[in-house]
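Let's take a walk through the aromatic rings of this protein. Have the model open and follow along.

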Amino acid sequence: MGGGVVGSHGGAGPGASELTAAATAAAAGGVRSRREALGRAYAAWCQKWDLKEPAAGEVRLLGPLVLFASASHRNVPLGGQSAQMADSSFSDGVPPDASEAAKNASDTEKLAGQVMQDPQALAALQERLDSVPHTPSSYIETLPKAVKRRINALKQLQVKCAHVEAKFYEEVHELERKYAALYQPLFDKRREFITGDVEPTDAESEWHSENEEEDKLAGDVKNKVVIAEKEAVAAEEPDPKGIPEFWFTIFRNVDMLSELVQEYDEPILKHLQDIKVKFSDPGQPMSFVLEFHFEPNDYFTNAVLTKTYKMKSEPDKADPFSFEGPEIVDCDGCVIDWKKGKNVTVKTIKKKQKHKGRGTVRTITKQVPNDSFFNFFSPLKASGDGESLDEDSEFTLASDFEIGHFFRERIVPRAVLYFTGEAVEDDENKGGQAARAQPREPSFVT
């Protein structure tokens, strides 16, 4: 048979006698079955002719693959003598001696010869080998024990690295706390401008846009023509206090938040005056608190609504290699003191109920949960009793963690850019705001 059927090697494939001899030698060397012997023979042939070798774990597959290739490409039914050969080749019995191994191997000589002289069968066999998955773990399994021992030592070092990394993130948290105190005066002034309690000076209001030169030229021309008209319009233009609906506009601009807001939430969110992030005190477990400050309103009496996110920065004992930094592990909300009839997180429904004995019908009213952004302050609790959450609960909790992380990392520090939409466009250009804000998957344990 010419070369190049299974691979480009320029030599002939193994004949039946070559396979039989190799199989006999392998069986005599303690091979468990003729299937494995035939496989090892084929592996040796691949090495001889510089073809693709079967990977670890593939050798035991070669016996049945040869039979499959032969049957499928020659339409040979695996019955009668062929079936007996197939059955015997799958036997896990160990040949008692080399003579019996040779006898068993000679039974496959005819079939092996047919397969190795059939280009289609060889092509099918190579295709099957190519389709067997090659994984790093299968490679590791083939390494000597001494090498595996050294790999285990490397894993111990990796665990120690994870603990060092955890300490690094703890110090990062300390730095965040330190710089939060430096940011806060700027955020306080931001709130004063938003609420209108303080009017910015001309110097504070000056901002150079990207189109400043074009605006200046256009302005010079227009000023000569419509200066009087502009003065009249300026006199009539309304001057609302501060920046109306600042935070509510951010909620509308950010998809992650707007999806949570119902129509009946909107009038309440228009009273939102500020959002702050507070970090845990030194020596306390790692956490942060979101504070939502509201002006007096007709819906609840709370001046501040809070959401606390608890974090941990330590490798999981069961899976230390999964550590990638601090992760949110749980969260707590707060009680909202709703004014009578103003609670948007529940709705009242009427239901007719029939008395079983008298047959009379009465109408009862009951309150059921209602979709609302303000359910954000009544979060699902992460399971701490060893029981796993169902899939929907895990998704809900993961989404909650993502939103809290997004408020902390993006919304609060860059509020004005989300108000104008510039940050939203930037997030979209860089792959989406959710992708940029995505925290680690929650570990639903306490």
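Which residues form one aromatic cluster? Phe251, Phe292, Phe294, Phe300, Trp338, Phe373, Phe374, Phe376, Phe377 and Phe407 do. Keep in mind that you're looking at a predicted model.

Now for the pairs. With ring centres required to lie within 6.5 Å of each other, the count comes to 24 aromatic pairs. Take phenylalanine 251 and phenylalanine 373: their ring centres are 5.1 Å apart and their planes meet at 90°. Planes over 60 degrees apart count as edge-to-face, so that's what this pair is.

Phenylalanine 251 belongs to helix 12, which covers residues 246-253. Phenylalanine 373 sits in the loop that runs between strand 6 (361-369) and helix 15 (391-411).

Phenylalanine 373 has another partner: it makes an edge-to-face pair with phenylalanine 377, at 5.9 Å centre to centre and with 90° between the planes. Both phenylalanine 373 and phenylalanine 377 are buried.

Finally, look for lysines lying over rings. Lysine 307 is over the face of phenylalanine 376, 3.4 Å from the ring centre, and phenylalanine 376 is one of the cluster members. Over at tyrosine 299, the charged end of lysine 342 sits above the ring, 5.6 Å from its centre.

Key:
Residues numbered from 1 in each chain as written. Predicted model: local features only at pLDDT ≥ 70, side-chain atom pairs only at ≥ 80, totals over all residues. Heavy atoms only, no water. Phe/Tyr/Trp six-rings, centres within 6.5 Å; stacked < 30°, edge-to-face > 60°. Helix = DSSP H or I, 4+ residues; strand = E, 2+ residues; numbered from the N terminus. Buried < 20%, exposed > 50% of the residue type's maximum accessible area, 1.4 Å probe, protein only. Lys NZ or Arg CZ within 6 Å of the ring centre and 35° of its normal.
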